[in-house]
Amino acid sequence: MTNLIQSRAAEKEQILSTMATEGFSLITIGGRKGIGKAELLRACLKDYEATFIRIPDLAEAGQRQYWQYYFPDFTDADWGEFFRDLAQRYKAQPGILLLLDFERLLKVAPKIEAALRKAIREEFLNSQLKLIISYNFNSEAEKPKTLARGFYHQTAELNLDLYPLSYRESLAYLPHWSAEDRLYGYSISGGVPAYLEILSTYSNLEAALYAEFLKPEGYLQKLPALKLAESLREPAVYNLLLMAIAQGSERQKDIAETAEIPASSAANYLRVLLELGLIEKAQPYRNPNPRLMRYAVSEPIFRFCFHFLPRLDPLRQRGLYTEAYQLLREKMPAYFQKDFCLIARDYLLDLQKSGDLEGDFDDFAPWWNEDGTTIDLIGSDANLALLAACLWSNEKMTVDNLENLRQKSRLTQRRKNKIYTLFSRSGFTDELVELAENTDDLHLISLFGEA
């Protein structure tokens, strides 16, 4: 994954710089599965003598394996001796101990942690060993507590968390796809490098959809079931809840009714999905009012599968793949509207970082009120508010779209000067373009042309 190494150049430099220091170093690196931890470490460690320890994971069948790893059949005493031997081996010369999927290692061999802590305090500090601990998490809440707030983070010279790639970073994976197909590819993958790499093996989006989501042998369509079976005792119930949320139910009562489970039970199931990082609680921009909270599926590959596959199953099960594909492509533009707003948000943040955006905004997020009025994106500082409307449609945006946004803007950020930004898939009418050329508070951006 050369593309990944290029997009993670800053993180690679941080790891190499830490490894080049004299004496013992501890590095922790976390992120969801498929985010590229293994490939990044592989690129960093290619010139080092390294010992890898990892628990084999049967759910990874079909994915590329980068490590010749092993899990020693040790007693508790053997772990202490193993760490002492490593400290002696690397007393004067540099070496690497890499503990992959550390949270799983602790479940299989829970007493390894006491031996490791003791080795760090009493053995490793006097060696040239570089200890790297890699672990998985889907959300901040799901981070292993031992790593997130405990001994290892306090001891480490470098604590590094990897997150999905931005839309622009993802483009390098799909250079042979059309501009529109790349946007959809990013929406499906959520910027996770492992998923982007799988999509990149196909000539275009159509081939990827047939192979990975319409025909039964596709790997990406199986990921949600694999992850749920690995983490949960009652995956069938969680399937129903995720399907309900992915298909538009946002409040607990509505989710329970759609999933046909008691509302009293739904709260506990939703709490588990929140802890796993598979769903999230969304709030309007800078409004913590709990009555406005909405549930959303936070894992893009889950959202795509649970939104579309149940609706396509009657066709897929009869082998009517062409008909299923036609229905999928018919429904994808409306589905993609939310992701188009996320891409617009990334675009604005990039402008903010480069100094090309008026104002000093900390973030951009959707806004809505109890009446159901929504604004796609809002950002504000002490004096200025930016309000954005995003439209993924075959129709050009018109002056009516601008006036609609201006009317909504009267409901929020009332005391601030306002600028309006319109993001469009298909461009803008001549009337709107002429208005923007003569108006300081209006900006028109065609992201489809940027792809």
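Student: Which residues does F124 touch, not counting those up to four places away in sequence?
Tutor: In this predicted model, F124 touches F24, F83, A87, L116, A119, L129 and L131.

Student: Where is F124 placed?
Tutor: F124 is in the loop between α6, residues 112–122, and β4.

Student: Is that residue, F124, buried or exposed?
Tutor: F124 has a relative accessible area of 0%. The cut-off for buried is under 20%, so F124 counts as buried.

Student: And how far is F124 from Q326?
Tutor: The C-alpha atoms of F124 and Q326 are 60 Å apart in space, and the two residues are 202 apart in sequence.

Student: Back to β4. Which residues make up that strand, and in what sense do β4 and β1 pair?
Tutor: β4 covers residues 129–136 and pairs with β1 in the parallel sense, over 7 bridges. One of the residues involved is T28 of β1, whose bridge partner in β4 is I133.

Student: What about β1 and β5, how many bridges there?
Tutor: There are 4 bridges between β1 and β5, again with parallel pairing. β5 is made up of residues 158–161. In β5, D161 is the bridge partner of G30.

Student: How many residues of β1 are buried?
Tutor: For β1, residues 25–31, the count is 7 of 7, and the strand is mostly covered.

Student: Which ones point which way?
Tutor: S25, I27, I29 and G31 point one way from β1, while L26, T28 and G30 point the other way. Residues on both sides are buried.

Student: Switching to helices. At what angle do α12 and α17 cross?
Tutor: Roughly 80°, with the axes coming within 11 Å. α12 is residues 205–214 and α17 is residues 300–316. Angles of 65 to 115 degrees count as roughly perpendicular, so that is the term for α12 and α17.

Student: Which residues make that contact?
Tutor: From α12, L209, F213 and L214; from α17, I301, F304, C305, L309, L312 and R316. By class, the contact of α12 with α17 has 8 nonpolar residues, no polar ones and 1 charged one.

Student: Last topic, confidence. What is the mean pLDDT of the chain?
Tutor: The mean is 88, and 90% of the residues reach 70 or more.

Student: Where does pLDDT stay under 50?
Tutor: Over residues 58–70. The model has 35 contacts beyond four places in sequence for that stretch. Where pLDDT is low, the predicted coordinates should not be read in detail.

Terms used:
Residues are numbered from 1 along each chain as its sequence is written. This is a predicted model: local features need pLDDT of at least 70, side-chain atom pairs count only at pLDDT 80 or more; totals for chains, interfaces and linings use all residues. Side-chain values use heavy atoms; hydrogens and water are left out. Buried means under 20% relative accessible area, exposed over 50%, partly exposed in between (1.4 Å probe, protein chains only). Helices (H or I, at least four residues) and strands (E, at least two) are DSSP runs, numbered from the N terminus. Two strands pair if DSSP finds at least two bridges between them. pLDDT is the predictor's confidence in each residue, from 0 to 100. Contact means heavy atoms within 4.5 Å. Axes are lines fitted to C-alpha atoms, for helices over the stretch in contact, and angles run from 0 to 180 degrees between N-to-C directions. Angles under 35 degrees count as roughly parallel, over 145 as roughly antiparallel, 65 to 115 as roughly perpendicular and the rest as oblique. Ala, Val, Leu, Ile, Met, Phe, Trp, Tyr, Cys and Pro count as nonpolar, Asp, Glu, Lys and Arg as charged, and the others, Gly among them, as polar.
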